[in-house]
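This report describes the pockets of one protein model and the ligand that goes with it. The sequence and structure come first.

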Amino acid sequence: METKVAIINSIDNDIEYLKEAAGIIYDGGLVAFPTETVYGLGANALNEDAVYKIFEAKGRPQDNPLIVHVASKEIEYLVEEIPEIAKKLMDKFWPGPLTIILNKKDIIPNRTSANLSSIGIRMPNNEIALKLIELSGCPIAAPSANISGRPSPTDVERCIEDLNGKIEYIIGGMQSDVGVESTIVDCTVTPPVILRPGGITLEMLKEICGDITIDKAIQGKPDANLKPKAPGMKYRHYAPKAKLKIIKGNREKTIEKINEIVQNYIDNQKKVAILSTEELKGEFPIGEIISLGSENELSEVAKNLFESLRQCDDMKVDLILCQAFAEKGVGLAIMNRLNKAAGFDIIEV
Ligand code: TXA
Ligand code: MG
């Protein structure tokens, strides 16, 4: 299949491209598009056959439900009821990087929800995404626009890398601002539960919800007794081709351990990348250094994380080393993605 790529610089000037892409969604085709979290791979959420194509193009397991993207808060036609707490969250954080799980109405096909009775809904904070949904005239089901298992794409080049030839259309915009996927909050239970950490942090949610818990499975290594409630969180994910190890401990010991491992690998003719903060990068005399940004600006680290993992693949390194981050604010989402990308290979020093 030939994939058309269109870069949107201005909604007004480039509206014809958006209309063309919206027509493809409406007709049951696939379109990748920017959102503020990561790029999404969209199809008409109400069309079972269209949604099936998403699973095919990504190589996504059939039991992993999709998030439905909307352009307004009027979602009554999609869900059974909207609890007060969900309304409050929508008012505060939509449009934005928050997915809310609610019980679905039959209008949403089982293929979209992977046979669950609930559905994740989100209104993205990106004007291209919102315009595309509006013009399509339907809600858009969209997982991240990567081949299953790979780091999510945060710019159009990475979408092209994964999906060129597999889908009808790729819409390009700016680099995604948040860089990690939306926070998922299950509002079908009381108190609500965070199923995946993201740009809307636990601290921000607590201010609105008061009581809110975190699904235990998202912080620890998955075990057979602790099944994540978001089916997608059980898969190996976000993984670069090279092995990734996380070094966790105080500053001096972390530096020492990273330098020791790098030396060891280089002595064995291997190539190592270090994902480093701005503050630490001067401490590593050998190895390929990729800066994630300042440790005092974790939103910057989140924004650069997936792109940095993909750069390591471009460099064809044998090993990637990364320091651990404090699990506060967006640090919780960063560590969740890093842990999964590393398959929980963590060296404590
Ligand atoms: O930021 C995002 O959410 C991005 C952009 C494109 O919007 N999308 C995204 O979709 O991350 P995806 O498919 O890569 O991740 C969706 C996650 C999966 O872990 C899935 O299992 C979970 O959401 N999920 C979806 N519906 C669910 C439901 N009804 N109950 C529990 N988990 C659900
Ligand atoms: Mg994904």
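Strands E4, E5 (98–103), E6, E9 (183–186) and E10 each supply at least two residues of the lining of the largest pocket. E6 gives the largest share of that lining, 4 residues. Strands here are DSSP runs of at least two residues, numbered from the N terminus. A pocket is an open set of points on a 1 Å grid over the protein atoms alone, with protein on both sides within 12 Å along at least five of seven lines, and lining residues have an atom within 4 Å of a point.

The model is predicted: local features need pLDDT of at least 70 and side-chain atom pairs count only at pLDDT 80 or more, while totals for chains, interfaces and linings use all residues. Residues are numbered from 1 along each chain as its sequence is written, chains are lettered from A and ligands numbered from 1 in the order in which they are written, and side-chain values use heavy atoms, without hydrogens and water.

**The largest pocket**

About 750 Å³ of space lies in the largest pocket, a volume being the space filled by probe spheres set on the grid points. Its lining has 45 residues, and Arg 60, Asn 64, Pro 65, Ile 67 and Ile 184 lie nearest the centre. By class the lining divides into 18 nonpolar, 19 polar and 8 charged residues.

**Ligand 1**

What takes up the space of the largest pocket? Ligand 1 does; a molecule sits in a pocket if more than half of its atoms lie within 2 Å of the pocket's grid points. Around ligand 1 are 29 residues, of which Thr 37, Asn 64, His 69, Ser 182 and Gly 232 come nearest. A residue counts as near if one of its heavy atoms lies within 4 Å. In this shell, 15 residues are nonpolar, 9 polar and 5 charged. E6 supplies the largest share of the shell, 4 residues.

Polar contacts are pairs of N or O atoms within 3.5 Å.

| Residue | Distance to an oxygen atom of ligand 1 |
|---|---|
| Arg 60 | 2.8 Å |
| Arg 122 | 3.0 Å |
| Ser 182 | 2.6 Å |

The protein covers 97% of the 680 Å² of accessible area that ligand 1 has on its own, by the Shrake-Rupley method with a 1.4 Å probe.

**The second largest pocket**

The second largest pocket holds about 300 Å³ of space. Among its 18 lining residues, Asn 125, Asn 126, Glu 127, Met 174 and Gln 175 are closest to the centre.

Definitions and conventions: A polar contact is a pair of N or O atoms within 3.5 Å; within protein, one must be able to donate a hydrogen and the other to accept it, and residues adjacent in sequence count only if both atoms are side-chain atoms. On a 1 Å grid over the protein atoms alone, a cavity is a set of points where a 1.4 Å probe fits but cannot get out, and a pocket is an open set with protein on both sides within 12 Å along at least five of seven lines; lining residues have an atom within 4 Å of a point. Ala, Val, Leu, Ile, Met, Phe, Trp, Tyr, Cys and Pro count as nonpolar, Asp, Glu, Lys and Arg as charged, and the others, Gly among them, as polar.
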